Amino acid sequence: MRFLRLAAALLCLLPGMAVADDGPPFGAGSAINLNGVQTTVGAALTARPTPTVGQRAPTASDDSTAGYAVGNLWTYGGTTWQAQRVTAGQAAWLPVVTGLLPLDAVANAGVAYGTRKLRAGYTGNALVLTRASDSTMLALGFVAGAVDVASGDAFCLNTTCAVTTWFDQSGAGYDATQTTIANAPAWNGLNTVIGTRAVSFNSNPHSFGATPVTPKYLNVPTGFSWTPSTSTIAFVGQQVAGNEQRRIFATTDNARGILTSFYTGYTLIGQSTACNAAAPVQTPAVEPAVVILQQQSNVFTCLSNNGQSSNTVGGTTSAYTGAILGSNQTGSPSSADLTAFIVYNRSVSAAELATLRASLSATFNIAPQADSTIVMDGDSSSMGQGSLTNNSYARQAIPLISRPVQVRIQAIYGNTLANRLANFSTQIAPLRSASQKNFVVHLMGFGNDIRGGATAASIIANHQSYAAAAKALGSNVRLIIGTNPVQGDIFNNASQRGVLQAVNDWLRANWSVPQAQGGLGADALADYWADPTVGPGSYASSAYGSTTYSLDTQHPTDLNMSYLAVTLAGAANAAMR
């Protein structure tokens with residue numbers, strides 16, 4: 001994943017951070033590699049210098065008034081600090097980990113898998129790739145502490161590869177394996193987490209109904225013994241989880257383990273309660289994240305970046321041998337891209353939890369101090385349907401955004417703008433925290449309204465009502481309005497195409513007009529329609545009629561999403577303060 005910044009107005013600075021000069025512009029048709037997808041950018045876009053996650057070390061002004069609490073973490077330049085005091089103007093941040101890798105920071109893990117080295121003394125390989133074209137295998141080691149991506153990508157050129165062995169770095173030798181290549185997690189450039197290549201367990205749940213789900217998982221050998229009710233599980237990664245439950249890790253009989261969804265947060269298999277899903281930092285749709293889950297008898301605790309919550313669950317369980325990393329269930333597959341997965345067969349202490357979380361944040365360049373959240377309120381296109389790797393354009397936009405952010409994907413299949421407006425108070429409003437610097441709501445997608453017979457006037461009116469509801473939440477709300485690309489089925493219906501054009505034209509003219517004057521009063525426009533490749537900036541054709549950009553004329557392919565990501569990131573950079 002290459003890091004870029006776009007030439008939106010850089011209003012989204014952390015306190016005390018200096019403005020960087022614009023870098024050299026990309027000319028029309030210039031090619032960039034975005035999350036492994038070759039992308040051509042438009043003439044209006046400009047490159048900015050590569051961002052450093054976190055931007056700077058914490059200062060005394062990073063206090064309670066900026067939303068920080070005692071115990072919060074901050075990562076910059078390979079060092080992680082913890083807030084000891086957050087008094088206004090007198091915040092004190094102390095380093096908690098300096099150069100310690102996770103397994104050196106908290107020892108005696110039961111199993112530990114990573115695409116970066118997890119302990120200094122580990123001398124083995126990272127993983128084994130199996131090539132689809134000829135079933136040849138290649139063991140990949142580490143280069144400068146990270147898995148050897150260059151050798152892996154060269155080996156997989158012009159074919160696809162799967163991860164058939166992920167080596168255990170704990171020293172116990174419990175390597176996770178998969179002998180059926182079709183069920184092995186994927187290796188490709190689309191699946192990275194803040195610059196670190198991930199092992200992708202995405203089982204294509206957002207593809208089309210005619211495409212069967214093929215579960216992706218690795219088998220942890222039976223020599224590994226663990227007790228779910230007294231274990232601590234830590235992982236680094238990102239997920240696209242909608243209202244469906246997605247598995248991450250389970251016992252071999254699937255009786256115990258971890259489920260996720262953006263409605264319930266993290267849930268223990270076999271339990272009805274979960275960690276508090278109301279706090280945005282606690283849900284699996286937030287990405288990227290360092291997550292630590294721990295059960296101590298009847299209490300289940302979730303730590304995600306700087307968030308923490310807990311809930312009461314059932315009692316103790318017996319010990320299990322072996323495990324499933326990912327999911328072998330077609331009805332509840334996995335949707336995780338993982339760069340690390342560690343299990344301690346014990347409840348680690350509070351001090352160890354803080355140290356482990358800090359070390360993982362520093363090792364994998366995850367900035368826990370993200371004070372901004374982007375909520376994607378849309379339909380199946382925003383959720384990722386159409387991707388063959390369970391990607392989404394919001395995920396691809398993360399490294400292009402100029403400040404650390406958390407992303408919530410609240411999009412739902414078949415959702416209309418009318419439904420989103422009706423459910424705003426229950427599905428969007430509760431996610432906002434007054435302590436966040438930016439609570440960004442991105443509203444995009446009204447194609448289902450058009451297909452259902454809605455008029456341009458009614459769609460415009462719903463945009464106005466939605467904008468009013470969003471801005472009424474508080475002063476930290478930033479609203480991004482998205483225009484609709486010309487999807488193929490709407491292009492082929494002259495009446496529907498006319499409605500699309502009327503709404504897009506109105507949005508482009510009125511997105512920034514104050515609400516009191518009949519506009520939306522939004523902070524930025526994500527003008528997807530204007531992209532000359534996938535928009536396509538005209539109503540005389542539709543890129544969605546080509547299988548390069550859509551497999552069903554409605555939903556974007558991974559390549560299409562990479563164009564949408566550039567537009568989204570530009571709008572996000574312009575909207576945030």
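Asn-108 turns up in the loop between helix H1 (102-105) and strand S8 (111-114), where helices (H or I, at least four residues) and strands (E, at least two) are DSSP runs, numbered from the N terminus. Its phi is near 65°, a positive value in a residue other than glycine. Asn-108 is also exposed, at a relative accessible area of 67%; here exposed means over 50% relative accessible area, buried under 20%, and partly exposed in between (1.4 Å probe, protein chains only). All of this comes from a predicted model, in which local features need pLDDT of at least 70, side-chain atom pairs count only at pLDDT 80 or more, and totals for chains, interfaces and linings use all residues. Residues are numbered from 1 along each chain as its sequence is written, and side-chain values use heavy atoms, with hydrogens and water left out.

Ala-144 has a positive phi too, near 55°. Ala-144 sits in the loop between strand S11 (142-143) and strand S12 (146-147), and it counts as exposed, with 76% relative accessibility. For context, most residues other than glycine have a negative phi, and most peptide bonds are trans. Pro-536 belongs to the loop between strand S33 (524-526) and helix H12 (558-575).

Then there is the matter of disulfides. Searching the whole structure turns up 1 disulfide, meaning a pair of cysteine sulfur atoms within 2.5 Å. Cys-156 and Cys-161 are the partners, with 2.0 Å from S to S. The torsion about their S-S bond is about -110°, so the disulfide is left-handed. Both Cys-156 and Cys-161 are buried.
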